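Colleague: I am new to reading protein models. Could you take me through a helix and some charged pairs?

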Amino acid sequence: DKNKEINFKLLKNIIRKFNLPICYGGGVTSLKQIRKLLDIGIDKVSFNSLLINGKNKINKFANYLGNQFVVGSIDFKLVNNNYFIYDHVNKKIIKKDILRTIIEYENLGVGEFHFNFVNLDGVGKGMEIDFVKKIANEIKTPLIVSGGASNCNHLIDFYRKTKCTPC
């Protein structure tokens, strides 16, 4: 839901109970919200639809906070044997060159990426190694990748072949 409010009280309670680094994503569109997230103990903020529809804000947030705070979350969808960036809010694929787009996000100030492979989510047949390896070799920003793993061997194989963090 595009208009859903951030539940700061719930987040604060979670952070108090668990002593773990927390990355929050969903509905963050202003510096005021980011300041409040920082005040309650959030370590990083993840942006997905804002990468597609609000690039100037990503740059503003990165300049204000530092790149290490900004996580670019990108959904990929396989269509006719080709991956595309997928806009999950508007339910459409983005027909742009993926590598150029990721480098553009990197230049805006994204300090870490989270790639999610929509078609592989929940399937458990293994992770997308070749595509990730190709992208990882062309960018400087660390990658965390999800989608497709169902056992430790999938995670180990993915890490050994890509040097990216599977989740």
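This is a predicted model: local features need pLDDT of at least 70, side-chain atom pairs count only at pLDDT 80 or more; totals for chains, interfaces and linings use all residues.

Colleague: Which residues of helix α6 are buried?

Modeller: First, the terms. Buried means under 20% relative accessible area, exposed means over 50%, and partly exposed lies in between (1.4 Å probe, protein chains only). Helices (H or I, at least four residues) and strands (E, at least two) are DSSP runs, numbered from the N terminus. In α6, residues 129-136, the buried ones are Ile-129, Phe-131, Val-132 and Ile-135. They sit on the same side of α6, because they cover an arc of only 170 degrees around the axis. That arc is taken from the directions from the helix axis to the C-beta atoms.

Colleague: What is exposed on the other side of α6?

Modeller: Asp-130 and Lys-134 are exposed there.

Colleague: What covers the buried residues of α6?

Modeller: Look for contact, meaning heavy atoms within 4.5 Å. The cover includes strands β3 (70-79), β4 (82-87), β6 (112-117) and β7 (143-146). Helices α5 (98-108) and α7 (152-162) are also among the covering elements.

Colleague: How many salt bridges does a search of the whole structure find?

Modeller: A salt bridge is a side-chain nitrogen of Lys or Arg within 4 Å of a carboxyl oxygen of Asp or Glu. The search finds three. In one of them, Lys-44 pairs with Glu-112, with the closest N and O atoms 3.1 Å apart. Lys-44 is in strand β2 (residues 44-47) and Glu-112 in strand β6, so the pair ties together parts that are 68 residues apart in sequence. Lys-44 is partly exposed, at 26% relative accessible area. Glu-112 is buried, at 14%.

Colleague: Which residue forms a salt bridge with Lys-55?

Modeller: Glu-104 does, and the closest N and O atoms are 3.2 Å apart. Lys-55 lies in helix α4 (residues 55-65) and Glu-104 in helix α5, so this pair ties together parts 49 residues apart in sequence. Glu-104 is partly exposed, at 31% relative accessible area.

Colleague: Where do Asp-157 and Lys-161 lie?

Modeller: Both are in helix α7, four residues apart, which separates them by about one helical turn. Asp-157 is partly exposed at 30% relative accessible area, and Lys-161 is partly exposed at 41%.

Note on methods
Residues are numbered from 1 along each chain as its sequence is written. Side-chain values use heavy atoms; hydrogens and water are left out.
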